[in-house]
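The following exercises are to be worked with the sequence and the model at hand. Each task is followed by a stepwise solution.

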Amino acid sequence: MDRQLVAEFRNEYDLLGSVKAIRDAGFEIVDAYTPFAVHGLDKAMGLKKSRINQISFIFALIGITVGILGQYWVSAVNWPINIGGRPWNSLPAFLPVAFEVMVLFCGLGTVFSFFAWRKIKHGKSGLQPNLRATNDRFYVVMKQGQERKSSSVMLDIVKSFHGEMVGE
Amino acid sequence: MAEHLSARDPLIHGNKNFEDVTNDICKIMDRKPTWLWWLGFSIALSALTLGIVSVTYQIMTGIGTWGLNKTVGWAFDITNFVFWVGIGHAGTLISAILFLFRQKWRTSINRSAEAMTIFAVVCAGLFPIIHMGRPWLAYWMFPYPNFRGPLWINFRSPLAWDVFAIGTYLIISATFWYFGMIPDLATVRDRAKSKIKKFFFGALSLGWNGSFRVWHRYETVYALLAGLAAPLVVSVHTVVSFDFATSAIPGWHTTTFPPYFVAGAVFSGFAMVLTLMIIARKTLRLEDYITLTHIENMTKVIILTGGIVTLSYATEFFMAWYSGNGYEQFVFLNRALGPFAWAYWIMVGCNLITPQFFWFRSIRRNVTLVFILSIFVNIGMWFERFVIIVTSLHRDFLPSSWSMYKPTWVEIGTLIGSFGLFFTLFLLFIRTMPMVSIGEVKSVLHYRGDGEKSNG
């Protein structure tokens with residue numbers, strides 16, 4: 001396995017600049033650890049757009065289907081009750097609840113999909129380069145290439161952005 | 001010119017660096033509570049106790065303990081219900097709608113405003129259950145397979161819509177709140193000294209480690225939740241207004257109710273956010289985070305929504321006259337000139353006149369005055385719901401059945417108790433959870449384009 005190097009930065013601008021420079025130099029960024037969502041870092045790291053919105057769209061479709069068909073089945077099929085002479089299938093009156101069920105399914109479905117993707121579970125301990133990653137320091141984990149020279153090139157880039165190498 | 005310059009004030013004052021933000025917010029949870037907190041907590045807890053006594057008494061005795069009669073079938077509890085749901089709306093507006101509009105100033109107040117939403121919806125949800133008279137059968141509101149047929153709930157009823165709207169609102173708001181808090185919980189975990197805190201926040205933060213690959217998805221999910229919460233919040237008060245608007249009672253039967261209720265909800269909610277935030281910034285010394293600009297922005301929202309509410313009051317009167325319907329006209333004349341005219345004019349005074357003060361910049365930036373005015377808006381909006389409900393009912397179609405309504409001590413005790421519950425939960429929240437979104441504040445710390453500022 002390739003060696004991985006960790007660099008530490010003190011603010012988001014240095015982090016952004018160095019990530020760009022490191023990638024331009026042809027190295028691979030494994031991940032970055034930041035105390036907040038740094039704007040523009042996704043582009044700098046070359047991350048693809050998340051596909052989770054497609055998942056939530058599917059959940060929304062399931063929700064609205066369950067909402068409408070469920071109400072229809074209950075009110076028109078399983079036990080129809082004459083309420084003020086309204087038709088069994090009072091579709092317009094079913095819309096508010098169908099909407100709420102859609103929002104509920106979509107919201108919970110999206111969040112739980114995210115948790116499932118992260119393999120998050122109750123009380124899982126965090127793997128992080130340093131506890132300060134959730135406080136005030138920014139870390140970049142880079143993959144070192146095969147050539148020996150590469151680590152000194154990386155070091156130069158990191159230094160030029162006021163960062164320092166903190167480990168492997 | 002000075003006006004223009006101050007408009008670009010930094011969002012967070014005090015020239016903080018990232019670590020200062022972490023320390024300032026976590027300090028609130030670490031240090032011993034101040035005497036002011038204890039004072040507030042004991043008042044809130046006493047109010048809550050009074051509420052528990054009142055509710056227990058009325059459930060054990062029956063709903064005859066209320067001031068309701070044959071003509072006035074809805075009064076205090078439904079007023080309180082609509083009032084508390086309305087309070088909740090500002091939290092979602094701040095956290096979701098301002099997020100979608102990329103309003104960076106929301107970061108200092110969104111966490112506590114969302115907490116306020118959840119606590120307000122909890123208070124609101126209690127009232128329909130109490131109002132049932134037999135709260136132990138509350139689960140009958142849900143459609144579930146049962147041995148009575150199965151007999152399902154009536155999905156054509158706005159009251160059933162309410163169950164779904166409020167239930168979904170509570171669940172989605174709580175999810176949004178917790179989801180937004182995960183990175184901050186990890187921050188607290190990583191600086192925790194005691195074992196209990198480490199365990200507690202370690203469990204809650206779900207192994208968050210600041211990995212940007214996760215942040216990237218996290219931001220997408222957060223935006224999706226905001227996009228869901230925004231239409232949800234509009235739907236919730238729309239459905240609440242349907243409770244009235246779909247009936248055939250003069251004074252309730254009007255198509256303007258949904259936008260009127262939503263605007264009123266935001267109006268009252270922002271007033272409550274202001275009340276709470278002014279107390280919080282003073283007692284917790286958060287002046288650098290919740291700045292005068294934040295307060296000023298919120299008062300501007302109050303001017304806007306207060307204007308919509310005023311327009312709604314005028315529209316109601318115009319439509320009553322224009323409809324040519326004698327019953328409709330009577331209800332509105334009775335509101336303004338009848339036996340409950342005092343309540344009507346309190347409502348008009350608080351909701352129409354109070355926001356007009358906020359046209360003046362000197363008042364918008366005067367914290368004491370804003371605090372007092374925000375309480376007037378709260379009072380006015382409570383009376384708005386009281387006026388809509390009670391004055392439309394107490395003189396119905398048949399003069400022989402006209403009557404008056406007077407709340408009993410049980411009803412007043414329940415109202416005070418709901419305030420007690422709200423403030424007890426809020427005060428516990430600011431002691432146990434990061435009440436300002438640490439991560440989001442850090443992301444706007446350098447906001448203002450001064451990219452050269454270094455940190456450290």
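**Exercise 1.** How many residues of chain A are in contact with residues of chain B?

*Solution.* The model is predicted: local features need pLDDT of at least 70, side-chain atom pairs count only at pLDDT 80 or more, and totals for chains, interfaces and linings use all residues. Residues are numbered from 1 along each chain as its sequence is written, with chains lettered from A and ligands numbered from 1 in the order in which they are written.

Step 1. Contact requires C-beta atoms, placed from the backbone, within 7 Å; 56 residues of chain A meet this criterion with 56 residues of chain B.

Step 2. Strand S2 (28–33) and helices H2 (41–45), H3 (52–78) and H4 (91–118) of chain A each supply at least two residues to this side. Helices (H or I, at least four residues) and strands (E, at least two) are DSSP runs, numbered from the N terminus.

Step 3. The most comes from H4(A), with 17 residues.

**Exercise 2.** Determine how H4(B) and H14(B) are arranged.

*Solution.* Step 1. Helix H4 (residues 76–100) and helix H14 (residues 367–393) of chain B pack at about 140 degrees, their axes 9 Å apart. Axes are lines fitted to C-alpha atoms, for helices over the stretch in contact, and angles run from 0 to 180 degrees between N-to-C directions.

Step 1. Angles under 35 degrees count as roughly parallel, over 145 as roughly antiparallel, 65 to 115 as roughly perpendicular and the rest as oblique; H4(B) and H14(B) are therefore oblique to each other.

Step 2. Among the residues that meet are Val82(B) and Phe83(B) in H4(B), and Trp382(B) and Phe386(B) in H14(B).

Conventions:
Contact = placed C-beta atoms within 7 Å.
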